[in-house]
Amino acid sequence: MRVRPLDIAAALAAAVVIVLTAVAVYAPGNAAPEVVISGAGGEWIYPLDTNRTLQIPGPLGLTTVEILGKTARVTDSPCKNKICIAMGAISSPGQWIACLPNKVFVRVEGRTARGAADTGAY
Amino acid sequence: MAEQRPGRTERLRSRRAARRERYEAFFDPRFLASAGLATSLAFLFQPSLVVRAIMFALFFIAAVASGKRVSPLATLLVGLGIVAANLLVPVGKVLYHLGPMAVTQFALLDGLGKAVTFEGLIHISKASIPPTLRLPGRFGSIVASAFVYYDRIVEYRGNLRPSSLMTDVDALMLKVWEEPATSARAEPSPSHSRLGNILLIAVTGLALGALVLRFAQG
Amino acid sequence: MLTERRWNDRADITALLGAFCFFLSAVEYMVPKPLPFMRLGIANLPILLATDLLPLPWYLVLALVKVIGMSVISGSLFSYVALFSLAGTMTSAMVMWLSRKAFGDLISAIGVSILGAVSSNAVQIFLARVVVFGEAARLIAPAFLAMGLLTGIALGVFAERFVAVSLWYARAAGAAARGGAAARGGDGG
């Protein structure tokens with residue numbers, strides 16, 4: 001039984017693809033970050049890489065959080081000073097925006113375990 | 001004690017075989033397959049998860065009635081597996097925490113939807129595709145020939161030993177290929193009941209109706 | 001109605017290989033797998049053997065016979081299982097055909113089989129991600145692809161050895177080459 005040159009090439013190519021895939025999937029740094037929003041009504045989690053607009057209820061009304069282009073920010077809120085809007089966009093794990101009057105807290109967290117959020121990142 | 005279990009399996013199997021014969025005699029195979037296809041499409045495109053869940057339950061019952069082998073345990077496990085996989089990436093409002101994992105609303109509904117669709121299609125397929133289905137055209141006759149060869153392979157009484165695997169497989173292939181054609185599979189033409197056709201039309205109509213209604217509601 | 005005439009040697013070989021696909025699918029079904037609907041690919045062995053036996057149209061018919069025939073036997077024709085089978089089998093068949101014809105003597109059944117198995121599994125993972133599992137499908141991708149590499153090697157080795165010793169293969173190759181309307185013991189189709 002003759003093993004031909006391209007047999008080896010095919011096996012090597014396959015092995016390379018497998019290793020690359022394994023690295024892409026399992027390496028800890030590659031877990032997609034997510035946006036975790038806490039409000040008076042509960043908690044919400046969304047992946048950072050999908051564009052969305054969310055209405056978060058609070059005692060003063062609805063705070064609008066927008067996820068766009070892998071960043072998250074508050075675009076509208078019923079609070080008086082609109083500090084939360086001025087805080088701008090966040091995109092890295094650990095960053096956060098807070099609207100204290102409406103009790104809305106937005107933060108970006110990395111996923112360390114599958115589905116688990118990074119608690120204690122402060 | 002050891003005598004009871006084989007007896008029970010045998011009884012279940014023969015009851016299933018009896019169901020299968022009744023079912024296949026009741027419905028015209030091509031009509032059944034066509035109705036199954038239309039119903040499964042109506043199922044696939046049905047937006048309401050609740051309606052799909054109901055349809056799935058009915059499909060499951062139909063699959064049991066058809067005498068095909070159906071495993072509630074396997075269905076449940078696969079379904080749970082699909083839901084669990086979808087829950088791994090949290091999306092939406094957090095409903096509760098299961099250990100380190102957050103069960104989120106959108107991911108849960110998405111997972112349930114996918115699981116219901118997946119298992120629903122399997123069971124409507126089982127209920128509507130009789131193994132005796134004859135496909136049309138020249139392609140159909142090749143498939144039919146393949147089934148004949150398959151029967152011969154399964155009937156093969158020779159040995160397949162790992163130590164002489166190549167020669168054994170070769171012998172099997174030669175025997176199956178060159179065996180003189182015996183009489184074709186007995187093809188009884190059962191008289192399929194008209195009631196069967198009416199029932200199929202009714203079921204398909206219901207499924208399509210549910211679809212239209214849902215879309216009409218907007 | 002099923003006829004007993006050997007109306008075309010190529011059709012005959014296609015039907016026989018298709019029957020072996022069914023047989024190997026049944027064998028594969030008995031092997032316990034963590035993911036019941038994602039195929040091991042053993043059932044593609046007859047298609048691998050056919051890359052040098054059948055002309056392209058019949059080769060494709062064989063692939064379709066495998067998919068549709070198996071879906072009818074297992075009663076899964078309208079389900080996602082059949083979709084996975086169709087995508088995986090057609091991908092594997094096309095990749096194997098192309099690599100066989102493109103690389104000629106530089107590649108043996110081993111390389112052809114590896115390429116077919118890995119690409120088939122890649123396509124199935126992709127479908128699984130879209131249709132059933134969502135992003136979580138990525139997690140099993142490396143293991144599934146690795147399994148493709150291993151079964152590809154195993155099937156390729158078997159095919160190479162089998163072709164060398166098989167009397168059936170020699171006869172079938174002759175019959176397929178004569179092909180056309182030449183039928184044995186019956187009128188042509």
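Which strand of chain B pairs with β2(A), and in which sense? The partner is strand β1 of chain B, residues 92-98, and the two strands pair in the antiparallel sense over two bridges.

## Basis of the model

This is a predicted model: local features need pLDDT of at least 70, side-chain atom pairs count only at pLDDT 80 or more, and totals for chains, interfaces and linings use all residues. Residues are numbered from 1 along each chain as its sequence is written, chains are lettered from A and ligands numbered from 1 in the order in which they are written, and side-chain values use heavy atoms, with hydrogens and water left out.

## Chain A

Chain A has two helices and seven strands; helices (H or I, at least four residues) and strands (E, at least two) are DSSP runs, numbered from the N terminus. Their order from the N terminus is α-β-β-β-β-β-α-β-β. Of the 122 residues of chain A, 35% count as buried, where buried means under 20% relative accessible area, exposed over 50%, and partly exposed in between (1.4 Å probe, protein chains only).

Among contacts in chain A between residues at least 6 apart in sequence, those that join residues at least 24 apart make up 28%; a contact means heavy atoms within 4.5 Å. Accessible areas come from the Shrake-Rupley method with a 1.4 Å probe, and for residues only the protein chains shown count as cover.

Strands β1 (residues 34-39) and β2 (residues 42-47) of chain A pair in the antiparallel sense over six bridges; two strands pair if DSSP finds at least two bridges between them. Two residues lie between β1(A) and β2(A), and the strands form a hairpin. On β2(A), A:Glu43 is the bridge partner of A:Ser38. Across to the other chain, A:Trp44 has B:Lys93 in β1(B) as its bridge partner.

The contact between the chains takes 13 residues from chain A and 12 residues from chain B. The area buried between chain A and chain B is about 990 Å², with 59% given by carbon and sulfur atoms; buried area is the accessible area (1.4 Å probe) that two parts lose on being put together, summed over both. On the side of chain A that touches chain B, β2(A) gives the most, with six residues. Between chain A and chain B there are four residue pairs in polar contact (both at pLDDT 80 or more). A polar contact is a pair of N or O atoms within 3.5 Å; within protein, one must be able to donate a hydrogen and the other to accept it, and residues adjacent in sequence count only if both atoms are side-chain atoms. The number of salt bridges between chain A and chain B is zero.

A salt bridge is a side-chain nitrogen of Lys or Arg within 4 Å of a carboxyl oxygen of Asp or Glu. By this rule there are 11 salt bridges over all chains. One of them joins A:Arg107 and A:Glu109, with the closest N and O atoms 2.6 Å apart. A:Arg107 is buried at a relative accessible area of 13%, and A:Glu109 is buried at 6%.

A:Arg73 meets A:Glu66 in a salt bridge (3.4 Å, N to O); A:Arg73 is partly exposed, at 31% relative accessibility. A:Arg73 is also among the residues that A:Thr64 touches, not counting residues up to four places away in sequence; the others include A:Thr53, A:Leu54 and A:Val74. A:Thr64 is in strand β4 (residues 61-68) of chain A and is buried, with a relative accessible area of 10%. Its side chain makes a polar contact with the side chain of A:Gln55 (3.2 Å).

## Chain C

Chain C has seven helices and zero strands. Of its 189 residues, 59% count as buried. Among its contacts with a separation of 6 or more, 72% are between residues 24 or more positions apart. The accessible surface of chain C comes to about 7,100 Å², and 70% of this belongs to carbon and sulfur atoms.

C:Asp52 and C:Arg100 form a salt bridge, the closest N and O atoms being 3.0 Å apart. The pair links distant parts of the chain, 48 residues apart: C:Asp52 is in the loop between α2 (45-50) and α3 (56-73), and C:Arg100 is in helix α4 (residues 80-103). C:Asp52 is partly exposed, at 44% relative accessible area, whereas C:Arg100 is buried, at 16%.
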